[in-house]
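Hello,

Here is the structure I promised to pass on. Please open it first, then read my notes below.

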Amino acid sequence: MAFPVLKNDRILRAARGEGVDRVPIWIMRQAGRYLPEFRELRSKHDFFTICQTPDLAAEASLQPIRRFDLDACIIFSDILVIPQALGMTVEMRPGVGPVLPEPLISPEDIHKLDSAVNITQKLYYVGEAITLTRHKLDGKVPLLGFAGAPWTLMGYMIEGGGSKTLSKAKAWLYQFPDASKRLLNMLTSAVVDYLVMQALAGAQMLQVFESSAEHLGPELFKDYALPYIQQISLRVKALIKAKGLDDLPMTIFAKGAHYALQDLAESGYDVVGLDWTIDPEEARGRVGYSVTLQGNLDPCALYAPEAELRRYTKEMLKKFGKNRYIANLGHGIYPDMKPDHVATLIAAVHEE
Ligand SMILES: Cc1c2[nH]c(c1CCC(=O)O)Cc1[nH]c(c(CCC(=O)O)c1C)Cc1[nH]c(c(CCC(=O)O)c1C)Cc1[nH]c(c(C)c1CCC(=O)O)C2
């Protein structure tokens with residue numbers, strides 16, 4: 001069944017460098033716990049049950065779209081479905097976050113991973129959720145798919161959950177460089193197949209989250225993150241073309257990787273996401289208009305009183321300008337954020 005005609009293509013136009021009537025905005029983690037309607041849904045279902053049940057995943061994805069005038073919908077899922085598909089147990093513990101009770105401890109543990117798994121089949125439920133959500137969106141805004149980048153996934157798989165330092169995962173890079181690259185290659189192939197599946201299922205734009213880039217620094221990033229990030233865009237775009245689909249914009253968000261901004265701008269993505277630690281004018285000065293920039297309001301700026309939040313937002317918009325720009329936060333929204341403040345941010349962007 002053909003998908004409904006798209007009524008708002010602002011974000012796709014901005015990603016391709018085409019003109020827009022106004023700056024598009026979406027918010028990282030826009031589907032989630034700061035919304036009472038999500039907490040209600042979540043009180044009835046386990047986190048991964050929501051991810052695995054297309055009706056529930058569609059509902060969570062659509063909640064922010066019903067409430068706010070956003071320019072994109074992101075499919076409700078998690079980056080950790082890939083380690084899960086490779087055979088690792090991942091639990092989402094309330095108040096703690098993701099826990100992988102049997103992390104990879106030494107390179108021999110790589111053999112425990114199901115490297116031959118057909119990711120497309122195993123994660124087909126995400127494809128079904130995407131197709132359903134795209135229909136339910138009725139063309140209101142584009143639907144974004146996403147995946148975690150290999151280094152960020154490797155970090156969770158070795159640390160067994162979130163970590164302040166990633167010292168265990170980084171120790172692998174220094175002690176077992178070859179095994180690390182084997183693991184990163186395995187993850188790269190999984191991410192490529194997974195993103196292509198999402199595009200075939202109806203995703204209209206794809207974001208790759210390298211959320212743990214800040215721990216690497218320029219040297220390690222060049223060796224253990226950038227090559228895989230590059231391969232993902234090149235391989236996904238080539239496969240999509242080979243399957244007869246139109247090109248679709250891709251975004252790389254490497255949190256804390258301002259040291260690699262130029263490299264990221266040349267890594268085959270249409271959009272580079274920025275966190276709030278870089279000044280928009282400096283970022284634009286370094287990459288020019290060869291890519292679209294996305295970001296980068298400090299998620300904590302949403303705690304400011306309304307007038308201040310508006311002022312921060314307007315300042316950000318002025319610095320980025322209207323061309324090749326997608327407004328967003330510099331990282332995910334915090335779960336205790338009041339939805340009213342999100343509405344203020346969106347209104348401030350739209351007023352410009
Ligand atoms: C690192 C990472 C993860 N997951 C994700 C990343 C990359 C983005 C980033 O850096 O924030 C990506 C993600 N996770 C989730 C989405 C859904 C779509 C959206 O952005 O609205 C997306 C895009 C839902 C979620 N993912 C998670 C929740 C909350 C869990 C719950 O409801 O119990 C949601 C709605 C849990 C999760 N999942 C993960 C962590 C660290 C946590 C705990 C932190 C937290 O609780 O916010 C791993």
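**Starting point: Leu187**

Leu187 sits in helix α10. Keep in mind that this is a predicted model.

Is Leu187 buried or exposed? Count the C-beta atoms around it: 26 others lie within 10 Å. The cut-off for a buried residue is 20 or more, so Leu187 is buried.

Which residues does Leu187 touch, apart from its neighbours within four places in sequence? The contacts are Ile82, Pro150, Leu153 and Met154. Leu187 and Leu86 are 101 residues apart in sequence, yet their C-alpha atoms are 9.1 Å apart in space.

**The nonpolar core**

The largest nonpolar core has 112 residues. Within this core, Ile75, Ile82 and Ala225 touch the most other members. Helix α10 spans residues 177-201 and gives the most to the core, with 12 residues. Ile82 is also one of the contacts of Leu187.

Now find Ile75. Setting aside residues up to four places away in sequence, Ile75 touches Ala57, Ser61, Val126, Ala129, Ile130, Thr133, Leu143, Leu144, Gly145 and Ala203.

**The whole chain**

Zoom out. The chain has 16 helices and 9 strands. Buried residues make up 46% of its 352 residues. Take the contacts with a separation of 6 or more: 73% of them join residues 24 or more positions apart.

How does the radius of gyration fit a compact globule? A compact globule of 352 residues would have a value near 20 Å. The chain has 19 Å, so the two agree. Along its principal axes, the C-alpha trace spans about 55 × 45 × 45 Å.

**The ligand**

There are 23 residues around the ligand. Which of them come nearest? They are Ala31, Gly32, Gly97, Phe209 and Ser211. By type, the shell divides into 12 nonpolar, 7 polar and 4 charged residues.

**The UniProt annotation**

An unreviewed UniProt entry carries the annotation "domain: Uroporphyrinogen decarboxylase (URO-D)", which covers residues 24-33 and 144-160. Look at each span in turn.

- Residues 24-33 are 0% helix and 0% strand, with the end C-alpha atoms 23 Å apart.
- Residues 144-160 are 59% helix and 29% strand, with the end C-alpha atoms 27 Å apart.

Best wishes

Methods: Residues numbered from 1 in each chain as written. Predicted model: local features only at pLDDT ≥ 70, side-chain atom pairs only at ≥ 80, totals over all residues. Near = placed C-beta within 6 Å. Nonpolar A, V, L, I, M, F, W, Y, C, P; charged D, E, K, R; others polar. UniProt positions renumbered as here; feature names shortened; annotations may be inferred. Helix = DSSP H or I, 4+ residues; strand = E, 2+ residues; numbered from the N terminus. Core = buried A, V, L, I, M, F, W, Y, C linked by C-beta atoms within 7 Å. Buried ≥ 20, exposed ≤ 12 C-beta atoms within 10 Å, placed from the backbone. Contact = placed C-beta atoms within 7 Å. Rg over C-alpha atoms; globule rule 2.2 N^0.38 Å.
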